Amino acid sequence: MELLRKWLGHPEDIYNLLRFKMGGYRAVMPRIDPVSGAGGMIVFFSPPRHAVCIFYLVLRALDTIEDDMSISLDVKVPMLHEFHSYLYQPEWKYMESKEKDRQVLEDFPTISMEFRNLSKVYQEVISDICHKMGVGMAEFLEKKVDSQHEWDKYCHYVAGLVGIGLSRLFSASELEDPIVGQDTELANSMGLFLQKTNIIRDYLEDQLEGREFWPREVWSRYAKKLSDLAKPENIDMAVQCLNELITNALHHVPDVLTYLSRLKNQSVFNFCAIPQVMAIATLAACYNNKQVFRGVVKIRKGQAVTLMMDATNIQAVKAIMYQYVEEIYQKIPSTDPSSNKTQQVIASIRAMSLPGGPMASRHHYSPIYLSCAMLLAALSWQYLSTITKATEEYVQAGEN
């Protein structure tokens with residue numbers, strides 16, 4: 001019955017879940033690779049399809065090495081530094097990984113062969129980004145994220161570089177103007193916004209795994225140890241720390257909107273926009289939410305599908321951003337130490353997101369339509385539960 005109550009409260013989710021399951025997803029995402037990661041990157045088969053897929057697999061292999069705790073540092077650090085050179089070594093592979101995604105290392109000769117078959121311009125982008133990312137990953141293996149500057153630096157290495165690499169591929173393919181690949185500051189912000197959202201949301205999971213990515217400069221103002229934020233007696237201070245980090249992440253939204261406004265190709269736009277609207281919805285769910293320190297905060301699957309279906313043009317994305325920063329604004333506690341900064345950044349996002357015309361992709365449903373959807377939920381909620389599970393493989397990558 002709890003599931004039924006959730007559906008009745010959001011009837012538009014029911015409509016979009018059904019629409020998504022019956023083929024509507026093909027309009028925005030022909031395929032999502034089942035393996036997610038590599039700095040929060042989701043692989044749609046977006047032009048330039050082959051180069052993007054190889055880029056993803058190469059970074060997935062690099063990320064697998066970084067994550068593998070069974071590899072000693074004296075072996076791992078040189079591997080990360082030299083990984084870009086393995087792209088030109090036809091026989092190189094690594095058979096000793098214990099990670100779940102070790103197949104990308106075991107089958108690396110196939111990946112590197114496909115890489116070498118790419119146009120030189122694509123090879124240069126992928127190799128350059130792989131080299132910079134490997135060096136950055138190695139730098140942070142032996143130190144924790146201390147200052148907010150280092151937080152930005154870490155997120156640049158693991159996610160910002162992904163945004164920069166993808167942007168250079170889009171421009172190299174001539175699907176987008178040269179400025180998209182040249183403006184690395186905006187491309188970097190695209191990656192930082194996604195990565196910071198993941199780090200904020202995954203506080204508890206990272207604590208349980210012995211990982212720490214929240215910057216000490218921030219959390220040390222609220223607790224003696226980062227792990228102390230999960231203690232019930234510290235929940236008020238923990239939420240204040242959470243709100244400060246979310247406010248930090250929101251500063252990237254204006255760059256995100258500027259970047260997306262430059263895109264011309266529909267497939268590229270969908271590819272870039274969908275993770276960004278997922279991120280703003282996730283931050284809205286996390287803001288001032290004690291549950292971040294008790295479990296996993298996720299957006300509803302129907303909500304995720306609605307975002308996927310709607311985020312197909314810049315005006316729709318602006319409307320989505322406006323919606324979720326308004327949701328955050330309504331939750332700002334007057335006593336929160338970051339409240340003024342949060343209000344200021346939301347004001348800047350509002351100014352960029354104010355509707356400039358009709359929102360063609362933001363659906364508005366008539367009362368009778370919503371009533372029919374609610375009736376459908378009441379009569380067949382068990383059947384819809386099965387449908388929801390069936391869509392999970394598509395939605396999961398977007399949520400992560």
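pLDDT is the predictor's confidence in each residue, on a scale from 0 to 100. For this protein chain the mean pLDDT is 84, and 77% of the residues reach 70 or more. This is a predicted model, so to speak of local features I need a pLDDT of at least 70, and side-chain atom pairs count only at pLDDT 80 or more, while totals for chains, interfaces and linings use all residues. Residues are numbered from 1 along each chain as its sequence is written, and side-chain values use heavy atoms, with hydrogens and water left out.

Two stretches deserve a caution. Over residues 13-47 the pLDDT is below 50, and beyond near neighbours in sequence this stretch has 105 contacts in the model, a contact being heavy atoms within 4.5 Å. Residues 357-391 also have pLDDT below 50, with 52 contacts beyond near neighbours in sequence.

Now the overall picture. The chain has 19 helices and 0 strands; these are DSSP runs numbered from the N terminus, H or I of at least four residues for helices and E of at least two for strands. Of its 400 residues, 55% count as buried. Buried means under 20% relative accessible area, exposed means over 50%, and partly exposed is in between, with a 1.4 Å probe and protein chains only. Among contacts between residues at least 6 apart in sequence, 74% join residues at least 24 apart.

Helix α10, residues 184-201, packs against helix α15, residues 266-286, at an angle of about 35 degrees, with the axes 10 Å apart. The axes are lines fitted to C-alpha atoms over the stretch in contact, and angles run from 0 to 180 degrees between N-to-C directions. The crossing is left-handed, meaning that the near helix is turned anticlockwise from the far one by less than a right angle. On the α10 side the contact includes Met190, Phe193 and Leu194, and on the α15 side Cys272, Pro275 and Ile280 are among the residues involved. By class, this contact has 10 nonpolar, 3 polar and 1 charged residues. Here Ala, Val, Leu, Ile, Met, Phe, Trp, Tyr, Cys and Pro count as nonpolar, Asp, Glu, Lys and Arg as charged, and the others, Gly among them, as polar.

On cysteines: Cys272 is buried because its relative accessible area is 7%, and Cys53 is buried at 14%. How many disulfides does a search of the whole structure find? The search finds 0, taking a disulfide as a pair of cysteine sulfur atoms within 2.5 Å.

Asp63 lies in helix α3, residues 49-67, and is buried, with a relative accessible area of 12%. Its C-alpha is 9.2 Å from that of Leu80, 17 residues away in sequence. Glu99 sits in the loop between α4 and α5 and is partly exposed at 22%. Leaving aside neighbours within four places in sequence, Glu99 is in contact with Thr64, Asp67, Asp68 and Met69. Glu99 and Asp68 are 31 residues apart in sequence, yet 5.8 Å apart from C-alpha to C-alpha.

Last, backbone angles. Most residues other than glycine have a negative phi. Glu174, in the loop between α8 and α9, has a positive phi near 65 degrees, and is exposed at 71% relative accessible area. Asn288, in the loop between α15 and α16, has a positive phi near 55 degrees, and is partly exposed at 29%.
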